[in-house]
Amino acid sequence: MAWFRDETRHINADVRIDCKLKRPNTLILNGRIVTMDGSSTVIEDGVLVIDGKRIVHCAPSDQPLPERFKDQSAVRTGGTIYPGLFELHNHPAYNSIPLWVVPRHFDRRDQWRRSDEYGRFVKKPATLLTHDPTSQNARAVVRFVECRALLGGVTTTQGLSLNGMNANETAAYAGLVRNVELPDDMTWPAALDHIGDFTSHAGAQQKYGPIIGDRSKPFLLHLSEGIDEESRVFFESLRKPDGSYLIGSNLVGIHATALNPTQMARMRNSAGIVWSPLSNLLLYGDTTDVIQAKTAGVPIALGSDWGPSGTKNLLGELKMARIVSAHLGGVFSDRELAAMVTTTPAGMVGWNDFLGSLEVGKIADCVVLDGVTDDPYTQLINATESDILTVVIDGRPRAGRATIIDPGTAGVEMLRVAKQDLVVDVVDRGHPLEGMALSTAIVTLSHALAHLPDLADQFQTQHRLIDGGAGRFFVDLDMDEAYARAVMAGKISIGRDEVEPMELDPITEVDDLRFRARLKQNINIPEWLREAL
């Protein structure tokens, strides 16, 4: 845990306490607490006590602390404390790729995946970065994409394709932002994901049938992604010969954009769906029928999808969801939207006993936003990365202002990001990414993207020279891994004229002054969204 600056006071006395004498195992935060518990409890002036990794006290400040903590100091945040944001759909390996200028309207996923433009601006650059023979670019990708989520308050994400990952890569993703496919505690349910459409019931039965309804194995399925009849018909691969459907309580449908009302109603027997409104609108000009989903009682979570066509993190996706909700007549309250990034996704994958709300006994993942004036749920949706005071994972502050985390602590770095000076504590000794600070990752990826043609030139030769080197790893490209492995093996090649120099997008939206303007230029977004942006 990072040491705290000498800016804390005893909870009941105006006395300075020096917290820099040792690394504390206890963290006590004072502020407004939005618990997201079953009663929607908001404690206007509360104290959250974290001992090790767990929450041991969550109550109003006028209630006594547990005896063993009564003489310890509290950090008066002056802010609002939420559960860490929980994301159930992303493709992290692609999140160092700049926002894609979508060239035309698409009706379904396989159309854009097969396009030359996707190959030039997404698939081939991602391959060169994530399967870099020296591993430096690949290591920088992992550091950058995790911090991109972290700086947006995300403490749990999704999108690791474990089938192709080697031990080094798996270890590299452990210990910072949580991954639902790779829980730190293997007694927690470990999610399985499947991207390709099932084209027959036999295929669906083979992959999903053996675990249907097994809550210890959440199954995240890209479900009917698109807006046409061909996308819609894929849902029928879940139909069994007896007319019932292969839909169990562990099935999480990602996107589900093509489902009609009858099909959506069948999803009430599932764990729920994950909605990525911005990415859907940029690619297809339309998004999931969330009115029907809500009417049918289908739980809904939010996911940013990925860098090429999505928001940078869940703070951005919350805003997009609210814009769509307002356009549809106010489908969701701000409280319901906040649940889509906290309690709801945690429940979908069976992690609600550990995460998703701030309650005694749960793991201490939380995000603290500056200020207490707005409605707390509205405040979360309105927040940008520059409003974040600190992000805590496993009871450890991983990012925060210098008034919260002492920048003099060994192993942390201070950098200008999100229009403020932030201290990030992400470089752990003995970790595969040791030595890869966030600032190093940004410089590494900026140089690599600016020299993509040169990387393409050197790629095959370097792989032959370095093949078998110890300690290397490659970042699995879940949608394009077969292609990437073929390039790495020399079966196909990427010519220098097949890619072009690119610029690394700023890691946060608030630092990316062109982000909204580029969204407005997208040819697929409807006019109401362009005006709202």
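These are my notebook entries on a predicted model of one protein chain.

**Entry 1: the whole chain**

I started with the overall picture. The protein chain has 18 helices and 18 strands. I then looked up the box that its C-alpha atoms fill. Along the principal axes, the box is roughly 65 × 55 × 45 Å. Next came the radius of gyration. A compact globule with 533 residues would have a value near 24 Å, and the protein chain has 23 Å, which agrees.

How much of the chain is buried? I found that 61% of the 533 residues count as buried. Residues 24 or more positions apart account for 72% of them.

**Entry 2: the cores**

I turned to the largest nonpolar core, which has 124 residues. Which residues touch the most other members? They are Tyr 94, Trp 112, Leu 238, Met 267, Trp 275 and Leu 380. Helix α3, residues 136-150, gives the largest share of this core, with 9 residues. A second core of 21 residues is separate, and I noted Leu 29, Ile 50, Cys 58 and Ile 405 among its members.

**Entry 3: a parallel sheet**

I traced an open sheet of 5 strands. Its order is β9-β10-β11-β12-β13, and the pairing is parallel. Which strands stand at the edges? They are β9 (192-194) and β13 (300-302). Each has a single partner strand, so one side of each is left without a neighbour in the sheet. Neighbouring strands are turned by 25° against each other on average, direction ignored.

I checked one pair in detail. Strand β10 (residues 219-223) and strand β11 (residues 251-255) run parallel and are joined by 5 bridges. Phe 219 stands opposite Leu 251 in β11. Helix α10, residues 314-327, packs on the sheet and touches β12 (272-275) and β13. The direction of α10 makes about 130° with that of β13.

His 255 is not a glycine, yet it has a positive phi of about 75°. Is His 255 buried or exposed? With a relative accessible area of 1%, His 255 is under the 20% cut-off, so it is buried.

**Entry 4: a covered helix**

I moved on to helix α8, residues 277-284. How many of its residues are buried? The count is 8 of 8, so I wrote the helix down as mostly covered. The buried residues run from Pro 277 to Tyr 284, including Leu 281, Leu 282 and Leu 283. Gly 285 follows α8, and its phi is positive, near 75°.

**Entry 5: a hairpin and a loop**

I compared the two faces of strand β17, residues 413-417. Glu 413, Leu 415 and Val 417 make up the covered face. Met 414 and Arg 416 make up the uncovered one. Strand β17 runs antiparallel to strand β18 (residues 420-424), and 5 bridges join them. Glu 413 stands opposite Val 424 in β18. The two strands form a hairpin with 2 residues between them. In the turn, Ala 418 has a positive phi of about 55°.

I found another positive phi at Asp 394, about 60°, although Asp 394 is not a glycine. Asp 394 lies in the loop between β15 (388-393) and β16 (396-401).

**Entry 6: cysteines**

How many disulfides does the structure hold? I found 0. Cys 58 is in no disulfide, and its nearest cysteine sulfur, that of Cys 366, is 10 Å away. Cys 147 is buried, with a relative accessible area of 1%.

**Entry 7: an exposed alanine**

I ended with Ala 167, which is in helix α4 (residues 167-172). Ala 167 is at 65% relative accessibility, which is over 50%, so it counts as exposed. Ala 167 and Phe 473 are 306 residues apart along the chain. Their C-alpha atoms are separated by 8.0 Å.

Key
Residues numbered from 1 in each chain as written. Predicted model: local features only at pLDDT ≥ 70, side-chain atom pairs only at ≥ 80, totals over all residues. Heavy atoms only, no water. Core = buried A, V, L, I, M, F, W, Y, C linked by side-chain atoms within 4.5 Å. Buried < 20%, exposed > 50% of the residue type's maximum accessible area, 1.4 Å probe, protein only. Helix = DSSP H or I, 4+ residues; strand = E, 2+ residues; numbered from the N terminus. Pairing = 2+ DSSP bridges. Axes fitted to C-alpha atoms, helices over the stretch in contact; angles between N-to-C directions. Contact = heavy atoms within 4.5 Å. Disulfide = S-S within 2.5 Å. Rg over C-alpha atoms; globule rule 2.2 N^0.38 Å.
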